[in-house]
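Please consult the sequence and the coordinates alongside the text.

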Amino acid sequence: MFEQIINAAINGILLGGVLALLAFGLNLIFGVVKIIHMAYGQFVMLGFYLIYVLTVQLHVPLIISSLIAICAMAVLGILTQLLVIEPLLDAPRLNQLLALAGLIIVFENLAMVIWGADYRGIPLYLPILHIGNFYIRFSCLIAFLGALMTLGLLYLFLHKTYIGLAIRATAQDVEIAKVMGVNSRLIYFVTLAAGGALTGIVAAFFTPIYTVHPHFGSSFTIMAFIIVVLGGMGNLLGGFISAFIIGIVTSVSAVLTTAEVADIIALLIFILVMLVRPQGILGVRGT
Amino acid sequence: MKSPWVKKLFLLLILVLLVIFPAASPSPYLVHIMTLIFIWAYISTAWAYMGRFGLVSLGHGAFLGIGAYVTALLFNYFNLSPWIGMLIGASSAAFLAAVLGYACFRFGVIGDYFALVTLAVGELVALSIIALRDTTGGSLGFTIRNLGNAPLYFQFSNKVYFYYLSFLFLVFALYLWVRIDKSKMQKALRAIGEDEIAASSVGINIIKYKMTITIISAFLTGIGGVLYAQYITYLNPHTLSGVEVSLAIPFKAILGGMFDMWGPTIGTAMIVSLEEYIRVSYGTKFIGISEVAYGIALIVLIIFLPKGLYGTLKEMKIFKNERRRQYGCNKRKEVILRGR
Amino acid sequence: MLRVEKINVSYGEFQVLHEVSIEVKSGETAIVVGPNGAGKTTLLRVISGLLKPTSGAIYFDGHRIDDKEPHEIVELGIALVPEGGRLFPYLTVYDNLKIGSFAKRARGGFRRTLEEIFELFPILKERRNQLAGSLSGGERQMLAIARSLMSQPKLIMLDEPSLGLAPRVVSRVFEFIGKIRSQGYSILMVEQNARKALELADHAYLLESGKLEFHGGREDFLRNPYIKKAYLGI
């Protein structure tokens, strides 16, 4: 039993890396555009399907289809900004939330129309590493390392480039960023494109681990949400740390109980954090 | 429609038309659609009790689900009549609302944060229903035992009874709206909705008023869940609780206009008809295509009717009241954006 | 250089500015004095493009700018030092200066401008890696002014630079503004502290409840009995 728990914790950490990436995207969009992207997980689902179509049906190498999916999701992010978010920037918060929730309905059912309700996966058999009594799926390890690398690149992008600086400034004070010469409209598009590309990357890392179905995305939106809230909305560092906490908590409790109970525990954490410290448990804001 | 008696006459005419509608209707299908509109209009009106004062709940599925499940389980397992079970179910929903509301209002959770907490609670209830699958049937749901014609057990041989029953509930909800508008509570809640800090500084007991309206809203929503479940005779966590339905309720209220008494009803009529129209015209060809069209329609409506259909129409006619409200909203939004 | 012609500005139904016209000539310092809520900040917001006037026109260097976006206006050479500084508190001092040079016209000269700024404000060089939010009130105001200089502007607009600062610090801030002025920048300053501001002014405007009540050279202002009584306390 103890070994099982440790094993679950290890898997939780590995999964946490990818979740951190997903939460980062959601957080970035929230921080900059001040909007809660309800349909974020559905982007991952669509990216997954795209990779599936390219790899399995059109026999494109996995790497290339992943790259195509990343670009396609960036474009989808831009389209979302153009068609849904931008027209609602000055609308009441509730309207923004509901419009993006409408996007969930559109995306999930679109997937249903095109691919049906079946589970689809990419047949890709990677070895499982045995270390003593513990085992680690190679695919999870790749996903974990890849996610960390992506996060590192993102950090460099945000801290070493002019556009990254403009993104951070916009997140803190749009109005003053504008007066500094930042075209905030452009920054919003860049942010949504980056957020979209991230979902493509996450989808690529998920392909050897999961199978996809039309409702695949919703649980990841919720998970990313929980992580963002736990780390503090707009706090990218906090999100990074809490991704691992949530990764461990959910995979350990899934081993000890059932998958639903694990989700319930995660939701309870979310509610408690929202009640007590909506700025997140890791109060400092570092972007 | 300025003079009150013209308005009253108009309302009376609609009332009469609705009462004789089932007898005159060309098909039972239309009666069925009208019944659905009444039930959901009743629920979204109950939602808007809170929504219009800035208490935006995205978790009313929790109250809907609890009301329906408690009542139906009590009937299926203990043979308790849903007429009595309904009160227990709705009270359970109200109890959850009280706990949730107290926690939120005590800690000063407002705006976005309140919306997200309630969203999580709705999902939590759905997951709990699924997790308790030995009793509730889990994701597959369960069917209410059929007794044939048993009015004492909330079952009718003729669906027309549901038409009138849900109509009565809707009328009651609208009546209660008017009563709330005339009560002391309305002023206090409006003040709170516009500027919570200012309201508390003039001595308004914020928690008390917010709790009251939340509990009323949840209780009525719980009853709405029972109404819907008894009508459909089938319970499923995805249609009665969880994110989807929790978002569908405010959708209806907003698209009608949540600040006006008739808004949620008009919004529901619009959405349910649209849903049915799309389903009938496209739904049979590909599974899911009607939902895609429905989703797109929702987004387009939200973008082009930000104040709801009724709200927009009203704004074109009478200017002064609406503007002040809108100002209040913007101020609130600013508070939200700054993150408390 | 800057010419504001009869602008009207409203927030919703509430009109804030009525037919306001001002002019800042190249190399000159103009100040706008007036009580709280007179519309001074609004005036600067309109010029920077954050707010659109309902009617009237604004010209800068021969371009009409009242329909331009804020970032386009920055590119033309107008910089704003907002009320209270409005720094990016979670960016370092260095990053705050760097974002100041975001405008394309200023990016190339970033290094050189930075050197000049550090010479002018040595304290900022010392604190370059500190978060802007951790600076003292006076330092913040300095950084805000320095940040605006980073865009290599032709016109600097200052919104109440003395607000909330201790009297000793106020003197230092005005000293710096004087230094900048002597380097040939055009300045448009909005200030409640009329006496201090007038010392730097070539031209002054009096704004009360959204209307221009008086304008003239410094001497005209100092001589006007109403202004003397209400704003200079003499």
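How many of the 16 residues of α9(A) are buried?

## Helix α9 of chain A

Of the 16 residues in α9(A), 14 are buried, so the helix is largely enclosed by the rest of the structure. Here a residue is buried if 20 or more other C-beta atoms lie within 10 Å of its own, exposed if 12 or fewer, and partly exposed in between, with C-beta atoms placed from the backbone. Helices (H or I, at least four residues) and strands (E, at least two) are DSSP runs, numbered from the N terminus.

Helix α9 of chain A covers residues 216-231, and its end C-alpha atoms lie 24 Å apart, which agrees with the 22 Å that its 16 residues should span at 1.5 Å a residue. The expected span is 1.5 Å times one less than the number of residues. Just after α9(A), Gly232(A) adopts a positive phi of about 100 degrees.

## Basis of the model

This is a predicted model, in which local features need pLDDT of at least 70 and side-chain atom pairs count only at pLDDT 80 or more, while totals for chains, interfaces and linings use all residues. Residues are numbered from 1 along each chain as its sequence is written, and chains are lettered from A and ligands numbered from 1 in the order in which they are written.

## Leu36 of chain B

Leu36(B) belongs to helix α2 (residues 28-51) of chain B. It counts as buried because it has 22 C-beta neighbours inside 10 Å. Leu36(B) and Tyr310(B) are separated by 274 residues in sequence and by 20 Å in space, C-alpha to C-alpha.

## Overall form of chain C

Chain C contains 11 helices and 10 strands. Its radius of gyration is 17 Å, close to the 17 Å that the globule rule gives for 234 residues, so chain C is as compact as a globular protein of that length. The radius is taken over C-alpha atoms, and the rule is 2.2 Å times the number of residues to the power 0.38.

Along the principal axes, the C-alpha atoms of chain C fill a box of roughly 45 × 40 × 30 Å. Of its 234 residues, 47% count as buried.

## Strand pairing in chain C

Strand β1 (residues 2-11) of chain C pairs with strand β4 (residues 55-60) of chain C in the antiparallel sense over five bridges; strands pair if DSSP finds at least two bridges between them. Leu2(C) stands opposite Phe60(C) in β4(C).

β4(C) also pairs in the antiparallel sense with strand β5 (residues 63-64) of chain C, over two bridges. The bridge partner of Tyr59(C) in β5(C) is Arg64(C). The hairpin of β4(C) and β5(C) has two residues between the strands, and Asp61(C) takes a positive phi near 55 degrees there.
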